[in-house]
Amino acid sequence: MDGFHIAQRIGNALDSVRKNIQKRIDDKQNNRAYKIMKSQWKIFHMMYEDLEKTKPYYMRGINEYLTQEQAIGIVFDEYPEFGQVWTAYQEIMKAMHNKDLSGFEDIITHYTIMGNDMDSAISTFAKNYKGIQNSITSNYSNGRVEGMNHKIKQLKRNSCGYKNMAHLLWRIRQIF
C-alpha cells in the first residue's frame, strides 16, 4: 500500500458514506444538507485548513451564499455520523501528509466502529499496517506508474481500439 492507494481507499469510503446518507433522505427538494452533499461534494475532500472560513461565496445547488466551513457545518449538524467519518478522513490524511506514523497508529487503534464503509477501510489498514508503515516512512511512491497506466488506458478508450499492435505501441511512445 502506498500513499496514493491509502488516500484513494479512504476517499472512496467517505464518498460511499455520503452517498448512503443521501439515499436515506426522503425530502430531497427541501433538504439543505442533501443539496450541499450533492452539489458541493468536493469540499468534503478538502483539508480543513484549506476550507474558506471567512468569505462566503454563491453555492450552486443550494442557491445561497455560504462559506465552505458553514456548508460543512450544516451537513454535520444534521448528520453527525458523517461528521465522525469526515474527522477520521481528515486525521488519516493529516498523518500521511506529516509522515506521522504514531498518529496513524493512534487513529487505527482508537477508531470506533460505526457500521459503514470507513470501518472496512480502517480494518484494511490495520491488517496491512506493515506495508502502510513502509509507505508512510518511505519517500518512494508508485504514483508516476499509476499516472502512466491511466494515460495508456485513456488512449485505448479514446481510440476505440487499434487494428495493429505496432500502431498502439507507437502512439504510447509518442505520449511519453
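Lys 99 is partly exposed in this predicted model, with a relative accessible area of 43%, where partly exposed lies between buried (under 20% relative accessible area) and exposed (over 50%), for a 1.4 Å probe and protein chains only. Lys 99 belongs to the loop between helix 4 and helix 5; helices (H or I, at least four residues) and strands (E, at least two) are DSSP runs numbered from the N terminus. The phi angle of Lys 99 is near 55 degrees, a positive value in a residue other than glycine. Asn 63 also has a positive phi, of about 60 degrees, although Asn 63 is not a glycine. Asn 63 is located in the loop between strand 1 and strand 2 (64-66), and counts as exposed at 51% relative accessibility.

Residues are numbered from 1 along each chain as its sequence is written. Because the model is predicted, local features need pLDDT of at least 70 and side-chain atom pairs count only at pLDDT 80 or more, while totals for chains, interfaces and linings use all residues, and side-chain values use heavy atoms, with hydrogens and water left out.

Helix 1 (residues 3-24) packs with helix 4 (residues 80-97) at an angle of about 170 degrees, the axes being 10 Å apart. Axes are lines fitted to C-alpha atoms, for helices over the stretch in contact, and angles run from 0 to 180 degrees between N-to-C directions. Helix 1 and helix 4 are therefore roughly antiparallel to each other, given that angles under 35 degrees count as roughly parallel, over 145 as roughly antiparallel, 65 to 115 as roughly perpendicular and the rest as oblique. On the helix 1 side, the contact (heavy atoms within 4.5 Å) is made by Gly 3, Ile 6, Ala 7, Ile 10, Gly 11, Leu 14, Val 17, Arg 18, Ile 21 and Arg 24. Helix 4 contributes Glu 81, Phe 82, Val 85, Trp 86, Tyr 89, Ile 92, Met 93 and Met 96. By class, this contact of helix 1 with helix 4 has 13 nonpolar, 2 polar and 3 charged residues; Ala, Val, Leu, Ile, Met, Phe, Trp, Tyr, Cys and Pro count as nonpolar, Asp, Glu, Lys and Arg as charged, and the others, Gly among them, as polar.

Two residues of this contact were examined individually. Arg 18, in helix 1, is buried, with a relative accessible area of 6%. Leaving aside neighbours within four places in sequence, Arg 18 is in contact with Met 37, Trp 41, Phe 44 and Phe 82. Trp 86, in helix 4, counts as buried at 8% relative accessibility. Not counting residues up to four places away in sequence, Trp 86 touches Leu 14, Phe 44, Met 46, Tyr 48, Leu 51, Ile 72 and Phe 76. Trp 86 and Leu 155 are 35 Å apart in space, C-alpha to C-alpha, and 69 residues apart in sequence.

Aromatic pairs were assigned to rings of Phe, Tyr and Trp (its six-membered ring) with centres within 6.5 Å; planes under 30 degrees apart count as stacked, over 60 as edge-to-face and the rest as tilted. The count by this rule comes to 7 aromatic pairs. The rings of Phe 44 and Phe 76 have centres 6.3 Å apart and planes at 50 degrees, so this pair is tilted. Phe 44 lies in the loop between helix 2 (32-39) and strand 1 (57-59), and Phe 76 in helix 3 (residues 68-78), so the pair ties together parts that are 32 residues apart in sequence. Phe 44 is buried, at a relative accessible area of 1%, and Phe 76 counts as buried at 17%.

Phe 104 and Phe 125 form a tilted aromatic pair, 5.9 Å centre to centre with 50 degrees between the planes. This pair links distant parts of the chain, with Phe 104 in helix 5 (residues 101-110) and Phe 125 in helix 6 (residues 117-127), 21 residues apart. Phe 104 counts as buried at 0% relative accessibility, and Phe 125 counts as buried at 0%.

One aromatic cluster is formed by Phe 44, Tyr 48, Phe 76, Phe 82 and Trp 86. The charged end of Lys 53 sits over the ring of Tyr 48, 4.5 Å from the ring centre; the criterion is NZ of Lys or CZ of Arg within 6 Å of the ring centre and within 35 degrees of the ring normal.
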